[in-house]
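Please examine the sequence and the three-dimensional structure shown below.

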Amino acid sequence: MNKQTPIKSVVIVGGGTAGWMAAAALARILQNKIAIRLVESDDIGSVGVGESTIPMMRVFNDALGINEDEFVRETRATFKLGIEFLDWGREGERYLHSFGRFGQDQGTVEFFQYWLRAYQAGLAPALDRYSINRMAAMANKFMRPAPPERGNSPLADIVYAFHLDAGLYARYLRTYAEARGVVRTEGKVVQVRQRSMDGFVEALVMENGDEIKGDLFLDCSGFRGLLIEETLKTGFEDWSHWLPCDRAWAVPCELAAGLKDELLPYTRAQARPAGWQWRIGLQHRTGNGHVFSSRHMSEDEAASILLNSLDGKPLADPKLLRFTAGKRSKTWNKNVVAVGLSSGFIEPLESTSIYLIQATVSSLVKFFPDAGFDQADIDEFNRQADFEVERIRDFIILHYHATTRADTPFWDHVRTMAVPDNVRRKLDLYKAHGRSVRENNELFSETAWQQVMHGQGIQARGHDPLADLLDERQLLGFLGDIENVVRKCVDYMPGHKEFIHAIWQAKR
Ligand code: FAD
């Protein structure tokens, strides 16, 4: 006999990006069958940064049925084809980690291996030439991938994400969620009531004395983790020995005069003496931030590095954010699921936080509980969440560790530190034959790891011996054909700014 009692109400604490993404997605999926309430405090406010995303965001938008052109207009978004890294492996060097693939694999041999063979023999130019995403980014061009009905066009290989205004995005999702029945309550939660028998969260007590009861609680309250940590004392795994950056100054500025005509379709991440600086061009402004380690640089010095390197006039006072890299010991504890910054934080180097919000919400939907909260579901959810975030952490660690820089104590530290076994294994594998292996559903692909390892100067001793099965003439013909196709495709593409202009024109 089925004794399952359904969840009747979901309460979301927090109205930052995490809160409204969760509210929008659950509103769409639960279709008013389960009450959803979101509580946020205007006084406390939200982090308000988080402007760069990865292509998975399109899956989220599609699942919500969002019209992409409308989204681009409403959030003042620009398109993102990858991230440019400056001064990471060595000062003065740059590379682009682009989305999408390189060239074309042949049977079991990856394109990267054919290129590596030719490159090691001094016969091939930079990897850039074989990626539409990379070449388009460098030419400030953009278009969406050609649809499948256009045949086997290489233009179908374009893969993109967005740069967006996080505040406008939260507002946009709020409208979406409220239109689908989510009830918003403005006010401060001052107390959290727990069930005496098992410590499950029962109700939020608001500043005005109101009580908000619920069955399932989503903690989207930001770094503090009002429910998951302050109430349930879940614990935190600190990763700052691998990721020592623990502060960020963030400031928006005007678009530089020249950039008004040249919206860059990529994020720029420039290494600095004790961290790195981001630069993200939106339609109406540029987002900037300096992520740094307070053990290696003072807050004042970090602020002045940022303010002295802006493209245009600052549009606000710089805002300081303090954090510790790491994750909550359990993302889901009792009847509380931590979403967003309350679940932990890895710095924004590969723009993964918004993606992790999306991943947590979709995993919650997969393991959606009944009011009995079966521990087996919770354990599996947590196991998958740990795998996801640990693999992302490892990829970020790679960016710091794979460097020859020893010019500051910060770079010397990250270059020489011990890294997790998984990073060591991936480095050893790459150094042997340039190979990379993607395990299960880890977020970053083989190509992503290869791009960063090669881009930061890690040398592979050899290449896949099967790439030697082509003779040299065949190999160079194959590489040359791909290079030509990429060049022709990029020539054909419109400018990034022109593409966005057309999206606005289509509205009129
Ligand atoms: P917050 O934005 O902090 O929201 C917390 C909410 O909880 C607020 O609404 C607040 O009012 C509410 N709240 C808290 N306490 C109470 C209370 N007692 N009562 C009522 N309400 C309460 N992510 C990316 O994907 N790409 C990026 O480029 C990127 N850059 C980043 C740069 C920095 C420096 C940082 C720190 C983060 C960055 N992120 C980025 C992460 C991204 O900003 C966050 O993932 C995202 O904003 C989610 O934040 P949040 O909603 O979890 O928390």
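Arg 129 is partly exposed, with a relative accessible area of 36%; buried here means under 20% relative accessible area, exposed over 50%, and partly exposed in between, with a 1.4 Å probe and protein chains only. The partner of Arg 129 is Glu 483, and their side chains meet in a salt bridge with an N to O distance of 2.6 Å. A salt bridge is counted when a side-chain nitrogen of Lys or Arg lies within 4 Å of a carboxyl oxygen of Asp or Glu. Glu 483 counts as buried, at 14% relative accessibility. The two residues stand 354 residues apart and link distant parts of the chain: Arg 129 is in the loop between α4 (111-120) and α5 (132-138), while Glu 483 is in helix α13 (residues 472-492). Helices (H or I, at least four residues) and strands (E, at least two) are DSSP runs, numbered from the N terminus.

The model is predicted, so local features need pLDDT of at least 70 and side-chain atom pairs count only at pLDDT 80 or more, whereas totals for chains, interfaces and linings use all residues. Residues are numbered from 1 along each chain as its sequence is written, and side-chain values use heavy atoms, with hydrogens and water left out.

Side chains of opposite charge can pair when their charged atoms come close. The count of salt bridges comes to 38. One of them joins the side chains of Glu 84 and Arg 268, at 2.7 Å from N to O. Glu 84 belongs to strand β4 (residues 82-86) and Arg 268 to strand β14 (residues 267-272), so this pair ties together parts that are 184 residues apart in sequence. Glu 84 counts as buried at 5% relative accessibility, whereas Arg 268 is partly exposed, with a relative accessible area of 24%.

A further salt bridge is formed by Arg 328 and Glu 229, whose closest N and O atoms are 2.8 Å apart. Here again distant parts of the chain are linked, 99 residues apart: Arg 328 is in strand β18 (residues 326-328), and Glu 229 is in the loop between β11 (216-219) and β12 (236-238). Arg 328 is buried, with a relative accessible area of 5%. Beyond these pairs, Arg 391, Arg 425, Lys 426, Glu 439 and Glu 442 are linked in a network of salt bridges.

The ligand site may be considered next. Which residues are closest to the ligand? They are Gly 15, Val 47, Val 49, Ser 52 and Ile 354, among the 35 residues that surround the ligand; a residue is included if one of its heavy atoms lies within 4 Å of the molecule. By class, the shell around the ligand divides into 16 nonpolar, 15 polar and four charged residues. In this scheme Ala, Val, Leu, Ile, Met, Phe, Trp, Tyr, Cys and Pro count as nonpolar, Asp, Glu, Lys and Arg as charged, and the others, Gly among them, as polar. Helices α1 (17-30) and α8 (353-366) each supply at least two residues of the shell, and the largest share, three residues, comes from α8.

A backbone N or O atom of Ile 354 lies 2.8 Å from a ligand oxygen, and a backbone N or O atom of Leu 341 lies 2.9 Å from a ligand oxygen. Taken alone, the ligand exposes 1,000 Å², of which the protein buries 98%; these accessible areas come from the Shrake-Rupley method with a 1.4 Å probe.

Most residues other than glycine have a negative phi. Gln 31, however, has a positive phi near 45 degrees; Gln 31 is found in the loop between α1 and β2 (35-40) and counts as exposed at 52% relative accessibility. Asp 87 has a positive phi of about 70 degrees; Asp 87 lies in the loop between β4 and β5 (94-98) and counts as buried at 16% relative accessibility.

Finally, the chain as a whole comprises 14 helices and 21 strands. The radius of gyration, taken over C-alpha atoms, is 24 Å, close to the 23 Å that the globule rule gives for 508 residues, so the chain is as compact as a globular protein of that length; the globule rule is 2.2 Å times the number of residues to the power 0.38. Of the 508 residues, 56% count as buried.

Conventions: Polar contact = N/O pair within 3.5 Å; in protein donor to acceptor, adjacent residues only side chain to side chain.
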